[in-house]
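Me: Please go through the helix packing and the charged pairs of the structure shown here.

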Amino acid sequence: MSNSKSSVRVFALACILSLSFSTLADELVISETLLKQGDSTAAVNLALSYAKSKDFTKAFDLFAQAANQGNTDAEYHLGIMYRRGDGVPQDYVKAAKWYEKAANQGEARAQYNLGVMYSRGEGVPQDYAKAAKWYEKAANQGSVRAQNDLGFAYHIGEGVPQDYAQAAKWYEKAADQGNAEAQYNLGLMYDSGEGLPQDYAKAAKWYEKAANQGDNSAQNNLGIMYNKGDGVSKDYGRAIEWYRKSANQNNANAQYNLGTIYESGEGVPQDFNEALQWYKKAAAQNQPQAQYRLEKLYSEGKVSINLVHKPSTSTGKPVPSMSN
């Protein structure tokens, strides 16, 4: 009989939860009741509502209650709150502790974030091997950032033996899910022929995917490919278009490349003043080629009409994901 009454009570509370409450206080009463009965999910959902409204103190209290009942989602969010300092003093050690609790229960987001903390030495001793271990666990569950960062680890041999085939494999998994960093990294590998057969057409394809998502390094490299005609038909107009997109995001190499375009008059009317402006922007970021050309423009007063334009190299460094 008591079990029947308990079932009715839980059912009634669940029905009430499905209604639209006028205040979060109403939801809190219901959630606390369900929490006492072992339903930590209700507390997590309410905590997320508080966090969304920037009431981090209440959110933290509810996450803590649920986490202490072993709720994996709550453990993960406690890790986030300690890492960011939302509602509590920032504490990387406690962040890592809660991430690890969730990670050990198979929470992919926690596994990835714990990997990032080991990579950076935040709250735990820096350990690239452990970072790679957690990235792999998350990557095998489909975490796109973990896939890119595992590829990055194999690419540069950080925590794992350097293995270009493994790097390309994980980059491609992330790239196929739309990760811009992985698309750029895969483009780099095809562009340079590092670990993969050099294939400019495939490089341009992946650069374009990343460039269309706003990746400024990919935009610059795609501009170079149109400038040279590598993997795509030579097209100064498209080269300038991509250089400008990248340069407007403050990419120093793209600013230099735009400067050389205007200095040489390739695809645009020759304009030394415009070249000067782009060289200045790049030189201010310590771009060495721009600093050299800027000095030449000042010392010569003009540029030889026989100048041969040479865009900067499209090879660059692979990049890890931007973590939470």
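This is a predicted model: local features need pLDDT of at least 70, side-chain atom pairs count only at pLDDT 80 or more; totals for chains, interfaces and linings use all residues.

Reply: Residues are numbered from 1 along each chain as its sequence is written, and side-chain values use heavy atoms, with hydrogens and water left out.

Me: At what angle do helix H16 and helix H17 pack?
Reply: Helices here are DSSP runs (H or I, at least four residues), numbered from the N terminus. H16 covers residues 272–283 and H17 covers residues 288–300, with their axes 8 Å apart. Axes are lines fitted to C-alpha atoms over the stretch in contact, and angles run from 0 to 180 degrees between N-to-C directions. The packing angle is about 140°.

Me: Which class does that angle give H16 relative to H17?
Reply: Angles under 35 degrees count as roughly parallel, over 145 as roughly antiparallel, 65 to 115 as roughly perpendicular and the rest as oblique. The angle between H16 and H17 is about 140°. H16 is therefore oblique to H17.

Me: Where does Arg109 find its salt bridge partner?
Reply: A salt bridge is a side-chain nitrogen of Lys or Arg within 4 Å of a carboxyl oxygen of Asp or Glu. Arg109 meets its partner at 2.7 Å, N to O. Arg109 lies in helix H7 (residues 108–120), and the partner, 36 residues apart, lies in helix H5 (residues 72–84). The partner is Asp73.

Me: Which helix holds both Arg238 and Glu241?
Reply: Arg238 and Glu241 form a salt bridge, the closest N and O atoms being 3.2 Å apart. The two are three residues apart, about one turn of the helix. That helix covers residues 236–247 and is H14.

Me: Is Glu263 buried or exposed?
Reply: Buried means under 20% relative accessible area, exposed over 50%, and partly exposed in between (1.4 Å probe, protein chains only). The side chain of Glu263 meets that of Arg293 in a salt bridge of 2.4 Å, N to O. Glu263 has a relative accessible area of 1%, so Glu263 is buried.

Me: Which helices does the pair of Glu263 and Arg293 tie together?
Reply: Arg293 counts as buried at 14% relative accessibility. The pair joins parts that are 30 residues apart in sequence. Glu263 belongs to residues 252–264, so the helices are H15 and H17.
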